[in-house]
Amino acid sequence: MVDFSGIWDAAGELGKVLLPTECVGCGAWDEEICDTCLAQMLGCPFPLQISEDDDNVTDVPVFAIAKYDGPMRRVVLTGKHDKRRDLRAYFKAAGQSAVQGLRSENLLDTGKFGTGGTIRGEMFVVPAPSTHLQDPSEVAAAFAQGAARGLVAAGLCRQASVLEILELATGSTTQAGLGWEARNLNRHGKMQVRGSTVVAKRELAGKDLLIIDDVSATGATLREMIRVLSGLDATVLAGLVFASSRRETPVSGTQNFEK
Ligand SMILES: [Zn+2]
């Protein structure tokens, strides 16, 4: 198993609340995140299938830490919408432990990541753009920062930074309440680089990336991220989401997803 004690120390700003309060996830009269919920947040990631027959993202492995229901759903929603800045440290710790877990459990493709060989100099962590421009997801941002720290801590690169380089095109709408097919149509071709594509290409060409999202249902957002970033001649090595809201094997247009 992964030893999380170092992560906990590294996430120093956690500053556990000593006064009893209700756990954001399960409501237990404990700390703001009780130990049971925290264990879920720091769980080892599992593979998430996001590929479709016709695209080129099949070989990008994607992982999730939790199922988007119960306590983990409440933790995410509180983090996203209540602007609970005190939850950021927990999502940071989750990002870091996830990457270190992927490494220690040998879930990463050693051919791609070159684990055991020479350490790459630099990697970038790219979070999914928010639908709400005025209301960027604190969860995805904190999770991405933790993942960047995890890449270095796991010895996968010497330096890693978060690059918020993607945005949704004007008129893009939330994925909430849409079925499988509608979600794909809603995202495809709707994501773009912030600012100049020429500058982005100069910065990212040849670079290795980890992409991040807070919640994923169909993987439509991640697929679109891979499409756009590959267009900048960058290589997406893997994707990581905090929670998967996939319910079952997708059947076109008949499912409800939540985000
Ligand atoms: Zn709890």
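This is a predicted model: local features need pLDDT of at least 70, side-chain atom pairs count only at pLDDT 80 or more; totals for chains, interfaces and linings use all residues.
Residues are numbered from 1 along each chain as its sequence is written.

The protein contains 9 helices and 10 strands; helices (H or I, at least four residues) and strands (E, at least two) are DSSP runs, numbered from the N terminus. Of its 259 residues, 45% are buried. A residue counts as buried if 20 or more other C-beta atoms lie within 10 Å of its own, as exposed if 12 or fewer do, and as partly exposed in between, with C-beta atoms placed from the backbone. Two residues are in contact if their C-beta atoms, placed from the backbone, lie within 7 Å. Among the contacts with a separation of 6 or more, 75% are between residues 24 or more positions apart.

Strand 9 is mostly covered, since 9 of its 9 residues are buried. Two strands pair if DSSP finds at least two bridges between them. Strand 5 (residues 120-127) pairs with strand 9 in the parallel sense over 5 bridges, and in this pairing V126 stands opposite I211 of strand 9. Strand 9 is also joined to strand 10 by 8 bridges, and these two strands run parallel. Here L210 has A238 in strand 10 as its bridge partner. Strand 9, helix 9 and strand 10 together make a right-handed β-α-β unit; a crossover is right-handed if, with the strands pointing away from the viewer, the path from the first strand over the helix to the second runs clockwise.

L237 is found in strand 10 and is buried, with 20 other C-beta atoms within 10 Å. In sequence L237 and L210 are 27 residues apart, yet their C-alpha atoms are 5.9 Å apart in space. Residues up to four places away in sequence aside, L237 touches K112, F113, D208, L209 and L210.

The interior may be considered next. In soluble globular proteins, nonpolar side chains tend to be buried together. A nonpolar core is a set of buried Ala, Val, Leu, Ile, Met, Phe, Trp, Tyr and Cys residues joined through C-beta atoms within 7 Å. The largest such core has 70 residues, of which V125, V126, A147, L210, I212 and F242 touch the most other members. Helix 6 gives the most to this core, with 9 residues. The surroundings of I212 illustrate the packing: leaving out residues up to four places away in sequence, I212 touches V125, V126, P127, A128, A140, F143, A144, A147 and L240.

Helix 3 (residues 70-81) has 12 residues and should span 16 Å at 1.5 Å a residue, which agrees with the 17 Å between its end C-alpha atoms; the expected span is 1.5 Å times one less than the number of residues. Its buried residues are P71, M72, V75, V76, G79 and K80. Seen down the axis of helix 3, these buried residues fall within an arc of 165°, so they line one face of the helix; the arc is that of the directions from the helix axis to the C-beta atoms.

Helix 4 has 17 residues and reaches 24 Å from its first C-alpha to its last, close to the 24 Å expected. Because 14 of its 17 residues are buried, helix 4 is largely enclosed by the rest of the structure.

N106 follows helix 4 and lies in the loop between helix 4 and helix 5 (110-113). Its phi is near 55°, a positive value in a residue other than glycine, and N106 is exposed, with 9 other C-beta atoms within 10 Å. D233, in the loop between helix 9 (220-230) and strand 10, has a positive phi of about 65° although it is not a glycine. With 12 C-beta neighbours inside 10 Å, D233 counts as exposed. T170 lies in the loop between strand 7 (166-168) and helix 7 (180-187) and is exposed, with 8 other C-beta atoms within 10 Å. T170 and K190 are 20 residues apart in sequence and 8.2 Å apart in space, C-alpha to C-alpha.
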